[in-house]
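Please look over the structure below before reading on.

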Amino acid sequence: MVIIGFLLTGSAAFGQTINITGTVKDGGGGAIPGVGVRVKNAKVSTQTDANGKYSITVPDANSTLLFSYIGLVSQEAVVGNKKVIDITLKEDESALDEVVVTGYGEKVKKRDLTGSISSVTAKDIAERQPLTLFDALQGQASGVLVTNDNGDPAGQGTIQIRGASSINASGTGPLYVIDGIISENGNYINPSDIESFEILKDVASAAIYGARGANGVIIITTKRGKEGKPLIGVQYTYNRGELANKIRTISADELRFYRMIRGGGAGIGGNVDSINPYLNADNDYQELLFRTSEKHTVNLSLSGGSKGITYYGGLNYVDNQAIALNSWIKRIQSKLNVEYAISDKLTISNNLAFAYQTGNILNIQNTARQIFERNPWTSLYRPDGTLAGFTESKRNPVAFALLDKNIDNDYLAQFNTQAKYKIYKDLSITTMFNAQLDNQNSRNVTPAIINNAAFSTGTGSAERKVYWESQTYMNYNKTFSKDHTVTGVAGFTADRRRRDEYRIRVEELLSDDIFTSNVGIIDPTNTGTFATANSNVSLLARGSYSYKGRYIVQGTIRRDGSSRFGENNKWGNFISMSAAWRFSDEKFMDWSKSFLDDAKLRYSYGSAGNDAIGDYQSYTTINFGGNYYNGLSGAAENVVLGNSLIQWETATSANYGIDLTMIKGRLTFTAEYYNKTTKDLLYQSELAKETGKTQVAVNLGTIENTGLEFTVVGTPIKTEKFGWDVNANITFPKARVKKLADGTAFLSGNKWLIQEGGKIGDFFIFKNLGVYQYDVSNAYTPEGKRLTPINVVVSEDGSTVTSFGGYTLDGQPYTGTVKSKYYNNVKLQGGDTEWFDANNDGNIDDNDKIIAGNGLPTYYFGLSNTFRYKRFSLSFLFNGQFGNKIYNRVAADQNRFNSTYSPPTPDAALTSWYKQGDVTKYPMASRKDTRGNMRYEQNSLYLEDGAFIRLSSARLAFTLDPKIAAKAKMKSATVYVFGQNLLTWTNYSLFDPEFSTSNQLQPGNDSGRYPKIREFGLGVNLTF
């Protein structure tokens, strides 16, 4: 009985639970609320309160408590015989231990990377208050040129990683991989839902994605839930914006003066009539068209979980009433991530995303562009008070903005389910299926009144994109004898995308407010359907070996098949390798241990493919409809000739890098050099009209991108109360054409020269040297040196030169032979443009064009700073670029002098040449363009410096004391004020030097854009 009693007593004691209490503090001794405290391998968990205290019941003395908090190093503590366990959590200072996603289920520590990968975290994103991915990424990483269209509410921007790897407009952007899913873009993702970006810059890192990876890869990982109590996040921001840069436009008096000199004399410009409002108006169309923008943004999130299941849900709403009248966007974005561990071996995860956007999209050419093209004295209204339409062949920008309806209704739904099964400890298999539906609908109604037309017209389109993707891959990770680590992934992927589009045009609408197909007469020539599809299949494998983390090698192979190529060229093989040497671990580096934490050399070499040429380019297709004979619809061959010989465009890259981490992780430095060569460039080549075809897809040649990148990340100051973090990066890119088919140069557009040995983006235009001051100023030596006339006497009315005292050359009298310049056998005179005669043959023609500049920057940079003092923080970001030129096509169009209905720039109106002796840069207006004076498409006068430095964003925040927040049942609360596009230093004369382009061969052409805005806002972040 004694023995039995003892056993029962012992059993009861052994099974008794234990209550543990304690306090969790930071390194400075302050209490940390919201720390997750859980029993390891059990479902028991809690959180610290506002005073950092916790209480938890554990099963027995053998239990282990796990303490975790974002940004701090997690700790474990064995219970044993303790009843009180106090913990101090330290900051996670080692950026080297950050985990970087490399694709297809593989993750590595930053310290073990062999390729060129830049990371942007949720903390970095939050400092920017971004609305789009382009806001979030701009200036954050070297080698990544982000162009942001922040004024246009429907605008996004462009991202180019290490230069243009392709000259095909549809194949130049990076590949987006969102939670493992390949996507054309990331526009439907709310930046607040993003946990991290990984930007795979070198081809070796991107090679695992094969097709479309040649232009770099952006891996986006969205937020996940964590075990513990539910966390509710609420964020609200309110922005107001103004036109960032107002342009001086012509006034009514200046326009009258211009009409006078263009007409050839006084009185030609018209007189002011105080009774006629048509003549005495003086509209400032910028003031009339633009307003103060307002933007409301609301973010809601819910996350949490218990043992075996975690969840995260995010909902974002944006109401953007943009700067232009009647320009607006409303957007809803949602994201739901759920992960369920069915057992220790099987995990199921589901991701669901939905986005909806509607808005009125302004036609820039009919609104913002008309600011410069419509005469300021023309009235906005008709005598009956209605808005005027066309006047003097120019549109009314206010009328078009208010009355022209261009409503978009777009929605996207994406669902992804994934199953991961651990076969045994080191080997797992993952299978995933994703489906995505993207519906884009637009409806446009143009009332008759704004077009001065007899009837109103309407157009509509409905575009549906369906995309599915399947992936299956196996991951292996094994460490042998502590020093040898082997990892690998092998898999298979397949995807297919289809796009269907329906277009309709209806004329003679019965109502401008109702647009259906039965409200007017359908135009059959502009009504019809369109469909296209393509598929890809791939086999992939990657393996790596690490010895003590000191010597690391990695290799990748991928075989891609694309439906876009002919039977003999569908498949492409892409191989890469990379290696890293952590030389700081070598014995001979022991001398540096006091200041050098880590030092690594990296090298990578590999290839990746690009098939972005469009569908069915290997075939000559048949078009149905649109070809009419005797009133009947017919079918005809497409004017684009098929080419079954086109093959994969392949980018091959070598990357050299060094990574240094110093002063206990407070300073990191990275330097890289890359050389990326793209061969078999896919391009739509023009055909001679005699063939009956217009274009054919070809493999054109080879381009080369090289560059240097430098990144410095540091914490110069770090104390208990004050901290300063800085991130600086700069990139020096170069891009040139190495080879072209048959070595034949060509013009892209009408001003960009593409030639072997030349640079991408070279402007091939006429060099404008000014305007001849006198008729006798057109004088040169036989060698082409300009002569200066002296003692020039002109007639009383200034129309002719009556005498002059000869010429000088470099200040000395000249008595030799005098040559002159001609255009179409007509000698140029005073008031004519002086052009550079490149071949010095005396005739100004196409043989005199030169490379006058380049549309791509020679370097670009980003510089971000964050200062923290107690509970205040201040962050700001500068970015900029230098060395690029911009062709101001708007000003060039204005100053053609071809119509009195088209106002020139104020400078041209007031200072163009009028009489002998005038010194100006604008030719004689009354001659219009009869003597080759304008060349508005190719005139270096309009080639401007595109360099700029911008204070892109700034944010001042205050975080409430957790104890005070807890009294309001909140875990945390932060209020802040912020601004976007605050200051820009530039010499560019139009709205802004930064704008996106859809054609990489034609950078730097400003034909009129939605202007950027300067925004200020305030916001609040609450967590419950």
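This is a predicted model: local features need pLDDT of at least 70, side-chain atom pairs count only at pLDDT 80 or more; totals for chains, interfaces and linings use all residues.

- The largest cavity has a volume of about 300 Å³.
- This largest cavity is lined by 19 residues, and those closest to its centre are Leu 145, Thr 147, Gly 855, Phe 995 and Thr 997.
- Strands β11 (144-148), β12 (157-161) and β55 (885-888) are the elements that give two or more residues to the lining of the largest cavity.

**Asn 351**
- Asn 351 is found in strand β21, which covers residues 346-360.
- Asn 351 counts as buried because its relative accessibility is 5%, and the cut-off for buried is under 20%.
- Apart from neighbours within four places in sequence, Asn 351 is in contact with Asp 179, Arg 224, Lys 335, Leu 336, Asn 337, Gln 414, Phe 415 and Asn 416.

**Surface patch**
- A nonpolar patch on the surface is formed by Tyr 869, Phe 872, Leu 874, Leu 956, Val 977 and Leu 1018.
- Together, these patch residues have about 540 Å² of accessible area.
- One of the patch residues, Leu 874, has its place in strand β54, which covers residues 872-882.
- Leu 874 has a relative accessibility of 33%, so this residue counts as partly exposed; that class lies between the cut-offs of 20% and 50%.

Conventions: Residues are numbered from 1 along each chain as its sequence is written. Side-chain values use heavy atoms; hydrogens and water are left out. Patches are made of residues with over 30% relative accessible area and no salt bridge: like charges are joined within 9 Å, nonpolar side chains (Val, Leu, Ile, Met, Phe, Trp, Tyr) within 5 Å. Accessible areas come from the Shrake-Rupley method with a 1.4 Å probe; for residues, only the protein chains shown count as cover. A salt bridge is a side-chain nitrogen of Lys or Arg within 4 Å of a carboxyl oxygen of Asp or Glu. Helices (H or I, at least four residues) and strands (E, at least two) are DSSP runs, numbered from the N terminus. Buried means under 20% relative accessible area, exposed over 50%, partly exposed in between (1.4 Å probe, protein chains only). Contact means heavy atoms within 4.5 Å. On a 1 Å grid over the protein atoms alone, a cavity is a set of points where a 1.4 Å probe fits but cannot get out, and a pocket is an open set with protein on both sides within 12 Å along at least five of seven lines; lining residues have an atom within 4 Å of a point. Grid points are joined across faces, edges and corners, and a volume is the space filled by probe spheres set on the points.
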